[in-house]
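Could you walk me through this protein and tell me what the labels on it rest on?

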Amino acid sequence: MATAADSPVLRVALVQSRPVDGDKARNLAAAGEAVAAAANAGARMVVLPEYVLTGFPADRMRELAEPLDGPSLAAFRRLAGEHGVCLVAGLPRLCVSADIEHDAAAAGAIHDATNDATSDATNDATSDATNDATSDATSDAADDCTPIYDTTVVLAPDGELLTAYDKTHLFDRERTVFTPGAALEPPFAWGGVRFGVLCCFDIEFPEPARTLALRGAQCLLVPSANMEPWGAHHRAYVRSRALENHAFVAYANAVGAASGYVFEGGSCFVDPLGRVLCDAGRDETVVWADLDLAVAEESRGVGDYLGARRPELYD
């Protein structure tokens, strides 16, 4: 079972990067450098942007998709373990069996035998294994109707799969590629904090964030690939979701031109009082801030939006 030392403050880092379409090896290497920088800054949790692994070449997403137990999850596990962080990452997930989609216990047992390999060996193996195994795993499914999902995973430093969330609200061309997730995943506890996971377009709807808050989430983790011209919209949504739910929001967005879009950047960490504690602007960078649960209690003193609800009026 994953554990972290009890602490009232948890440093969360947000990676803002530009993916290269279809180049998993390059994207994983870039993610590794960013995770190392975040760990060196004292971060205990690192959030990567949506599509960090593949970019979003819509016509190639099926061939790039992997089962949950594929080589890219193993590579993300190694990153979490090597740097001692809880890692939030995403991948296009090929559904190979509807009966075991979210069996976290089974997924948690899928550990790569190279956990103790050196960093150089890991980079080389990741490049070869990712390309070869992905091709093998998807060759039979590339032309069929097997569902693929835009999945966010959260991995503890010991490799435990804390949650796997399939994006439930799909935007624009995503609807031609992915199957929407069937449910919000329950909040999970790590480092003394309860976290809920959303992804990009999900944050534009008040209901998913409110549902997770009512289920106990104290911080929302939101990988994103939001593009022009909706940067100002997302900043408003992120602050609103934080304020109205007395929750922190860790929002990690892609940046730069890729996949036929210009991603807006603007990754930020917002506290329950709506204050932007860090902002990545429009650069490829890593930023971080400290999550202090005392601020959530302070925000309830300003106005208890959860406690003052009248749900009998809302149906």
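The questions below go from the whole chain to single pairs of residues.

Q: What kind of model is this, and how many helices and strands does the protein have?
A: Welcome! The model is a predicted one. The protein has 9 helices and 14 strands.

Q: What share of the residues in the protein is buried?
A: Buried residues make up 52% of the 315 residues. The accessible surface comes to about 12900 Å², and carbon and sulfur atoms hold 51% of that surface.

Q: What makes Asp279 and Arg235 a salt bridge?
A: The cut-off is a nitrogen of Lys or Arg within 4 Å of a carboxyl oxygen of Asp or Glu. The side chains of Asp279 and Arg235 meet at 2.9 Å, N to O, so the pair counts as a salt bridge. It links distant parts of the chain, with Asp279 in strand S13 (residues 276–279) and Arg235 in helix H8 (residues 231–245), 44 residues apart.

Q: Which label does each partner get in the salt bridge of Arg310 and Glu312?
A: These two side chains meet at 3.1 Å, N to O. Arg310 has a relative accessibility of 46%, so it counts as partly exposed. Glu312 has 54%, and exposed means over 50%, so Glu312 is exposed.

Q: What does the salt bridge between Lys167 and Asp150 tie together?
A: The closest N and O atoms of Lys167 and Asp150 are 4.0 Å apart. Lys167 lies in the loop between strand S5 (161–166) and helix H6 (174–177), and Asp150 in strand S4 (residues 148–155), so the pair ties together parts that are 17 residues apart in sequence.

Q: Are Lys167 and Asp150 buried or exposed?
A: Lys167 is buried, and so is Asp150. Both also belong to a network of salt bridges that links Glu50, Asp150, Lys167 and Glu174. A search of the whole structure finds 14 salt bridges.

Q: How do you know that the span of H8 is close to what is expected?
A: H8 has 15 residues, and the expected span at 1.5 Å a residue is 21 Å.

Q: Why can we say that the buried residues of H8 line one face of the helix?
A: His234, Val238, Arg241, Ala242 and Asn245 are buried in H8. Seen down the helix axis, these residues fall within an arc of 100 degrees, so they line one face. They pack against helix H7 (206–214), strand S8 (219–224), strand S9 (248–253) and strand S12 (268–270). After H8 comes His246, with a positive phi near 50 degrees.

Q: What makes S12 and S13 a pair of strands?
A: Two strands pair if there are at least two bridges between them. S12 and S13 have 3 bridges in the antiparallel sense, so they pair. Val270 stands opposite Val276 in S13. The two strands form a hairpin with 5 residues between them, and in the turn Gly274 has a positive phi of about 80 degrees.

How values were computed. Residues are numbered from 1 along each chain as its sequence is written. This is a predicted model: local features need pLDDT of at least 70, side-chain atom pairs count only at pLDDT 80 or more; totals for chains, interfaces and linings use all residues. Side-chain values use heavy atoms; hydrogens and water are left out. Helices (H or I, at least four residues) and strands (E, at least two) are DSSP runs, numbered from the N terminus. Buried means under 20% relative accessible area, exposed over 50%, partly exposed in between (1.4 Å probe, protein chains only). The expected span of a helix is 1.5 Å times one less than its number of residues. The arc is that of the directions from the helix axis to the C-beta atoms. Contact means heavy atoms within 4.5 Å. Accessible areas come from the Shrake-Rupley method with a 1.4 Å probe; for residues, only the protein chains shown count as cover.
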